[in-house]
Amino acid sequence: MAKNLPVLIAGGGIGGLAAALVLAQDGYPVTVLEQASAFGEIGAGIQLGPNIFRMFDYLGLTEVINRVAFFPDGLALNDVRTGEKVVRVPLGDVARATYGFPYGVIYRADLHQAFLDACRKQPHVTLRTDARVESFQQCADSVTVALAGGDTLEGRALIGADGMWSGIREAVVNDGKPRVSGHIAYRAVLKRDDVPTHLWSNDVVLWGGEKTHLVHYPLRRGELFNLVAVFHSNKYDEGWNSFGDTAELTERFAGACPPVKELLSKIETWKMWVLCDREPVQNWTDRRVTLVGDAAHPMLQYLAQGAGQAIEDAVVLREALRFCRGDMAKAFQKYQKARYLRTGRVQLTARFYGDIYHASGVQRELRNQMFQSGTESAGFAGLKWMYDGIEPSKLFQ
Ligand SMILES: Cc1cc2nc3c(=O)[nH]c(=O)nc-3n(C[C@H](O)[C@H](O)[C@H](O)COP(=O)(O)OP(=O)(O)OC[C@H]3O[C@@H](n4cnc5c(N)ncnc54)[C@H](O)[C@@H]3O)c2cc1C
């Protein structure tokens, strides 16, 4: 009987929809339960490393993503105070030749929409909004979920894709609240015409300095321009997506070079995120319940991999289910075993890169020396393990 029940997925963000898609593609009925009144994503940019394009290829999404993505010419690190170039790594054909796949950037809403459209085409996916998962209980061969408002639903398994503040994680891992990093991100998107020509760049440019950085890159085939300003602050509230305080931003970037100040001045309203992560864990599964994406391994954004790792999770989950011939509990164990070291490495390395971007004094000098030594791409050679990605067909043999 349990075999006819749907797999329940709590959360319809990028992680939840990616999991729904892979399961439905293999014929599993899936119900996605999203607490919001509509499926959607915030308007901001997202970087997608070659490891994620490898996953798009595997999922059959390359064409649709390519239609809306932007493919930057390079990744540049400049000093936020002096404006000096520290390093520039060419992307484009170089990324394709090195990793087999491109490095792209995309409007988050477009990425989310690509997964939503793909899910809607699957006859086995049911998408429910206004469906907040409050709690769950499991027995030998099923899981029962209680929704806010009183509804209950039975599934053959439950996947918690409910993000950084996951309630499913609380029940499964029980490791308290996420770690507040003290770093704040302000995000905004400009139209191309609102960016002065001398400030436009086809690169992903990061202006790094003491406890601050600004990243910008074009979006949506170059029609938009994404800005993310990050700084250390002790002023924050829990949560995310509230409005930023322009006065604090101006104060934090007071010592920045003129192009950075000019770019910041183009934005009237910023959206603010309090950046959090967690210590990596080995176990985020309890029998028929597992986690994907930020619920499983929330990370700081310094390697631009959170959504990408959620997409990799979904692909590995599918491979594990194929290998275990649909035995959910067994497959969830295999999936987590195949994931926790890679995602843990991304979580920890992201913290380290945050320190590198925000370096000052001796640390800054060493950083510049390291990035400027050797070949042009030496600074990012240390991330080859990440960008090479995973080969799904070789995971379980
Ligand atoms: C400033 C910043 C920049 C970033 N840049 C990048 C980048 O360049 N590249 C990259 O790959 N990643 C980036 N990330 C990380 C990325 O945004 C996240 O890792 C990714 O969105 C995680 O997706 P998710 O589906 O796991 O979680 P979420 O996107 O948080 O989705 C969770 C969903 O679950 C729903 N939900 C929550 N609780 C419940 C419940 N109880 N019941 C039902 N539904 C529920 C929520 O409403 C939401 O829709 C960045 C993050 C930040 C903050």
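**Note on the predicted model: a strand hairpin and the ligand shell**

1. Strands E13 and E14 form a hairpin with 2 residues between them, and Lys-211 in the turn has a positive phi of about 55°. Strands here are DSSP runs of E with at least two residues, helices are runs of H or I with at least four, and both are numbered from the N terminus. The model is a predicted one, in which local features need pLDDT of at least 70, side-chain atom pairs count only at pLDDT 80 or more, and totals for chains, interfaces and linings use all residues. Residue numbers start from 1 along each chain as its sequence is written.

2. E13 covers residues 204–209 and runs antiparallel to E14, to which 5 bridges join it; two strands count as paired if DSSP finds at least two bridges between them.

3. Pro-218 has Phe-225 of E15 as its bridge partner. E14 and E15 also form a hairpin, with 4 residues between them, and Arg-220 in that turn has a positive phi of about 45°.

4. E14 itself (residues 212–219) is mostly covered, with 8 of its 8 residues buried. A residue is buried if 20 or more other C-beta atoms lie within 10 Å of its own, exposed if 12 or fewer, and partly exposed in between, with C-beta atoms placed from the backbone. Across the protein, buried residues make up 48% of the 397 residues.

5. The secondary structure of the protein comes to 13 helices and 18 strands. The C-alpha trace spans about 65 × 45 × 40 Å along its principal axes. The radius of gyration is 21 Å, which agrees with the value near 21 Å for a compact globule of 397 residues; it is taken over C-alpha atoms, and the globule rule is 2.2 Å times the number of residues to the power 0.38.

6. The ligand is surrounded by 34 residues, the closest being Gly-11, Gly-13, Gly-163, Gly-293 and Gly-306; a residue counts as near if its C-beta atom, placed from the backbone, lies within 6 Å. Two or more shell residues come from each of helix H1 (14–25), strand E3 (45–48), strand E17 (271–277) and helix H9 (306–323). H9 gives the largest share, 4 residues.
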